[in-house]
Amino acid sequence: MKILIVRLRLIGDVVFTTPLLGALRRAYPDARIAYLVEPDAAPVVQNSPHLDEVIVAPRTRGLGRVVDDIALARRLRRERFDLVLDLHGGPRSAWLTWASGARERIGYDIAGRRWMYTRIVHRPRELRPRHSVLNQWDLLEAIRGWKGDAPDETRDRVEMALDATADARMRARLRRAGVEDAHELVVMHVSAGNPFRRWPEAFFAETAAALAAGTPRRRLVFSSGPSDREAASRIAEDARRRLGADADRIIDLGEFDLQELRALIGRSRLFVGGDTGPLHIAAATSTPIVGIYGPTLAARSAPWRPASVPTFSIQRDDLPCRPCDQRVCVPGDFRCLTQLMPGAVIAAAERALYGPPMGRAS
């Protein structure tokens with residue numbers, strides 16, 4: 001049997017598909033399982049023990065996209081997949097699923113695209129408090145003759161395999177920056193894909209300074225996406241100014257790729273960040289997490305991993321405008337984030353840091 005998983009676009013969304021890969025491998029131990037993904041998120045599944053192949057769909061535009069997609073469709077058809085699961089549901093993923101020619105093609109019941117599948121799964125349009133992993137598990141249960149297990153956060157946790165080479169690079173960089181095993185390393189991701197998930201810079205700086213001041217053993221490093229490097233620099237400088245003589249507790253590791261970020265988080269005592277891809281990469285480790293949620297619900301996108309790993313979700317539960325579709329802020333002031341004060345994040349971080357000791361790499 002040959003199975004193809006399709007999930008394009010965002011890193012966090014790809015992370016949320018990884019519990020399904022283990023379930024498929026248990027149900028079909030002899031199957032050949034491939035995963036179709038775009039370049040940015042490919043490192044998430046590149047070393048998955050459940051996959052036989054990762055196919056990268058080029059992220060091109062205009063006429064180049066048409067040429068690339070036709071070539072990709074021909075490749076998928078040559079593979080002669082028996083089953084394709086479209087975990088995305090976008091126009092491109094639906095078309096590629098249909099173009100594969102697989103006998104069984106399963107996807108969401110979306111107007112204008114349902115005809116491309118041989119079996120459809122209903123997906124309510126409202127932003128309900130149901131986890132993304134469960135929403136995608138519905139597609140597994142739509143497979144003809146499916147006899148797999150119900151999802152379990154411990155057995156079916158999200159995964160991103162640690163790349164040994166990237167881990168060695170990160171270990172060397174930490175040593176050069178003066179970070180030793182005795183230090184409490186905190187990673188704070190200050191970037192977000194859109195303004196609806198961007199906690200104020202001053203709040204990040206206040207939180208960073210408070211955590212770094214907590215003990216001389218503590219070191220803090222910021223991570224960000226390419227478009228937020230300047231913001232990360234401003235936050236770091238603000239935090240150093242607040243720390244004064246202890247400013248060297250904020251360290252600079254430079255830029256790092258996704259595999260190196262995974263290694264860095266695995267070597268840390270705590271991750272703090274908003275509902276973005278790096279938070280979900282952090283969920284693939286055993287590092288405690290403090291997640292900051294604005295318009296999104298923690299019930300829908302909190303880290304999917306064992307309850308025994310310290311995980312804190314900070315959000316405003318008293319706002320009638322939450323959750324929202326992140327197209328327009330009705331109040332106009334992004335109050336789900338601007339009124340989410342640093343004190344709650346700092347308190348959760350200290351609780352996470354003084355929990356059971358964590359391994360240096362996981």
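1. The side chains of glutamate 38 and arginine 92 meet in a salt bridge, with 2.8 Å from N to O; the term denotes a side-chain nitrogen of Lys or Arg within 4 Å of a carboxyl oxygen of Asp or Glu. Glutamate 38 lies in the loop between β2 and α3 (42-45) and arginine 92 in helix α5 (residues 91-99), so the pair ties together parts that are 54 residues apart in sequence. Glutamate 38 counts as buried at 3% relative accessibility, and arginine 92 counts as buried at 12%. Here buried means under 20% relative accessible area, exposed over 50%, and partly exposed in between (1.4 Å probe, protein chains only).

2. On provenance, this is a predicted model in which local features need pLDDT of at least 70 and side-chain atom pairs count only at pLDDT 80 or more, whereas totals for chains, interfaces and linings use all residues. Residues are numbered from 1 along each chain as its sequence is written, and side-chain values use heavy atoms, with hydrogens and water left out. Helices (H or I, at least four residues) and strands (E, at least two) are DSSP runs, numbered from the N terminus.

3. The structure holds 35 salt bridges. One of them joins lysine 2 and glutamate 79, whose closest N and O atoms are 3.2 Å apart. This pair links distant parts of the chain, with lysine 2 in strand β1 (residues 2-6) and glutamate 79 in helix α4, 77 residues apart. Lysine 2 is partly exposed, with a relative accessible area of 23%, while glutamate 79 counts as buried at 17% relative accessibility.

4. A further salt bridge is formed by glutamate 53 with arginine 32, the closest N and O atoms being 3.6 Å apart. Glutamate 53 belongs to strand β3 (residues 53-56) and arginine 32 to strand β2 (residues 32-37), so the pair ties together parts that are 21 residues apart in sequence. Glutamate 53 counts as buried at 15% relative accessibility; arginine 32, at 36%, counts as partly exposed.

5. Strand β5 (residues 104-108) has five of its five residues buried, so it is largely enclosed by the rest of the structure. Strand β4 (residues 83-86) runs parallel to β5 and is joined to it by three bridges; two strands pair if DSSP finds at least two bridges between them. Within this pairing, leucine 85 stands opposite isoleucine 106 in β5.

6. Leucine 85, found in strand β4, counts as buried at 0% relative accessibility. Leaving out residues up to four places away in sequence, leucine 85 touches Leu4, Ile5, Val6, Leu24, Ile106, Leu139, Leu140 and Ile143, where contact means heavy atoms within 4.5 Å. Leucine 85 and glutamate 104 are 19 residues apart in sequence and 8.5 Å apart in space, C-alpha to C-alpha.

7. Helix α6 (residues 132-141) is mostly covered, with eight of its 10 residues buried. The buried residues are Ser132, Val133, Asn135, Gln136, Trp137, Asp138, Leu139 and Leu140. Their cover includes α1 (11-15), α2 (18-27), β4, β5, β6 (119-121) and α12 (298-301).

8. An open sheet of six strands has the order β9-β8-β7-β10-β11-β12, with parallel pairing. Its edge strands are β9 (250-251) and β12 (311-314), each of which pairs on one side only. Strand β11 (residues 289-292) pairs with β12 in the parallel sense over four bridges, and glycine 291 stands opposite serine 313 in β12.

9. Helix α10 (residues 258-266) lies across β7 (184-189), β8 (218-223) and β10 (270-274), running at about 135° to β7. For such values, axes are lines fitted to C-alpha atoms, for helices over the stretch in contact, and angles run from 0 to 180 degrees between N-to-C directions.

10. Serine 224 is placed in the loop between β8 and α9 (229-243) and counts as buried at 15% relative accessibility. Not counting residues up to four places away in sequence, serine 224 touches His189, Val190, Ser191, Arg229 and Ala232.

11. At the surface, Leu63, Val66, Val67 and Ile70 form a nonpolar patch with about 370 Å² of accessible area together. Patches are made of residues with over 30% relative accessible area and no salt bridge, like charges being joined within 9 Å and nonpolar side chains (Val, Leu, Ile, Met, Phe, Trp, Tyr) within 5 Å. Accessible areas come from the Shrake-Rupley method with a 1.4 Å probe, and for residues only the protein chains shown count as cover. Leucine 63 lies in helix α4 (residues 62-79) and counts as exposed at 65% relative accessibility.
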